[in-house]
Amino acid sequence: MRWKGETVPLPAHFCTNPNDLVSHGTASMSTFTFHEWLIVEVFTDDGLVGIGNAALAPQISRQVIELYLKPILLGSDPWNIELLWQQMYRKTIAFGRKGIGMAAISAVDIALWDVLGKSSKQPVYRLLGGRTKPRIPVYASRLYSTPLHDLAAEAKRYKDEGYRAMKLRFGWGPTGGAAGMRRNIELVRTVRETVGDDIDVMADAYMGWTLDYAKRMLPLLENFQLRWLEEPVIPDDIQGYAELKSYGRIPIAGGEHEFTSYGFRELLEARAVDYIQFDTNRVGGISQARKICALAEAYSVPVIPHAGQMHNYHVVMASLNSPMAEYFPVVDVEVGNELFWYIFDGEPRAKDGFVDLDDNLPGLGLTINENSLQTNFEIVK
């Protein structure tokens with residue numbers, strides 16, 4: 001699906017990102033917008049339909065599914081879900097261990113778990129172990145680098161709506177020099193002074209800093225009591241993560257761009273992160289997410305997945321080691337994080353800083369909003 005409606009243009013320094021170091025443009029974040037989405041449907045011979053999705057490079061993920069995964073799945077028993085995952089993984093291991101190949105496997109795996117839930121007439125989280133919390137605390141994840149008065153107004157609105165935690169994005173990285181560092185601090189100071197000390201504030205560099213720059217920023221940020229600093233360096237720099245974590249100044253979070261239990265074993269063994277943030281529709285699906293949750297629990301490292309969406313909420317609900325979840329408020333389409341609101345019906349809306357899952361909805365509890373697809377999207381062949 002390709003969004004064909006209006007989009008909000010992104011200003012310069014909207015959010016720092018890895019392309020800042022090599023881009024000479026003024027809006028490098030546009031490189032990381034995604035206005036396409038892949039929906040995967042798995043049909044069974046008894047009339048059930050499982051729904052999965054992928055947002056990373058959806059056209060290429062679709063080709064991986066059509067060429068490599070579909071032949072494995074046709075005629076298979078969906079209840080052999082671990083075998084199917086291993087077959088998909090090993091079939092594509094030469095090129096699909098990380099990135100697009102794993103996004104494709106994730107989309108299929110999520111759809112298969114939806115099938116299992118519908119087949120057993122149970123929510124997916126009950127198949128994963130059941131409720132570990134009455135409701136899921138969520139943090140508002142929307143604060144970008146905007147004019148300070150707008151940023152303060154948005155942060156105040158989230159506080160007034162009952163959120164007990166919220167996350168902002170930095171606007172500057174190494175190319176911004178000392179002046180950019182000062183502007184980053186102004187962003188954090190604005191949010192902290194607006195919401196007070198009783199609200200958790202997190203901050204995301206979205207892979208846009210170098211280790212040197214992050215080391216310079218840490219002491220400047222220390223007084224603002226951040227719950228975590230997210231993705232300060234590129235995901236392959238595991239030693240950089242570990243060094244920043246070793247200082248003990250601010251908890252370090254990462255893993256949004258890591259894949260499978262093997263990737264997270266490396267992070268955990270390196271003592272590289274204080275929080276794990278995989279996304280279930282990237283990391284290998286629910287089959288891998290549950291394994292990573294168990295592995296992280298053994299290291300006493302909490303799991304707070306990237307993004308909201310039902311595939312993450314079901315994992316969080318079933319894991320005591322997942323204290324809360326990320327939540328993207330409903331807004332006009334900009335980066336693309338918000339497209340799922342226009343694709344699916346059934347996504348829970350936050351109330352007083354919490355979301356809940358319905359015990360009576362089997363599977364993931366999602367349906368496709370066909371009217372919205374016809375109105376707002378075009379089908380990409």
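Predicted model: local features only at pLDDT ≥ 70, side-chain atom pairs only at ≥ 80, totals over all residues.
## Ground rules

Local features need pLDDT of at least 70 and side-chain atom pairs count only at pLDDT 80 or more, while totals for chains, interfaces and linings use all residues. Residues are numbered from 1 along each chain as its sequence is written, and side-chain values use heavy atoms, without hydrogens and water.

## Aromatic pairs

Let's start with the rings: the whole structure holds 15 aromatic pairs (Phe, Tyr or Trp rings, the latter by its six-membered ring, with centres within 6.5 Å; planes under 30 degrees apart are stacked, over 60 edge-to-face, the rest tilted). Y139 and W228 make an edge-to-face pair, at 5.6 Å centre to centre and 80 degrees between the planes. Y139 sits in strand β4 (residues 136-143) and W228 in the loop between α8 (211-221) and β7 (229-230), 89 residues apart (strands are DSSP E runs of at least two residues, helices H or I runs of at least four, numbered from the N terminus).

Y139 is buried at 0% relative accessible area, and W228 is buried at 0% too (buried is under 20%, exposed over 50%, partly exposed in between, with a 1.4 Å probe and protein chains only). Elsewhere, ring pairs join Y158, Y163, Y327, F340 and W341 into a cluster.

## Loop residue A55

A55 belongs to the loop between β3 (49-54) and α1 (58-73). Because its relative accessibility is 12%, A55 counts as buried. Leaving out residues up to four places away in sequence, A55 touches F34, E36, W37 and N281 (contact means heavy atoms within 4.5 Å).
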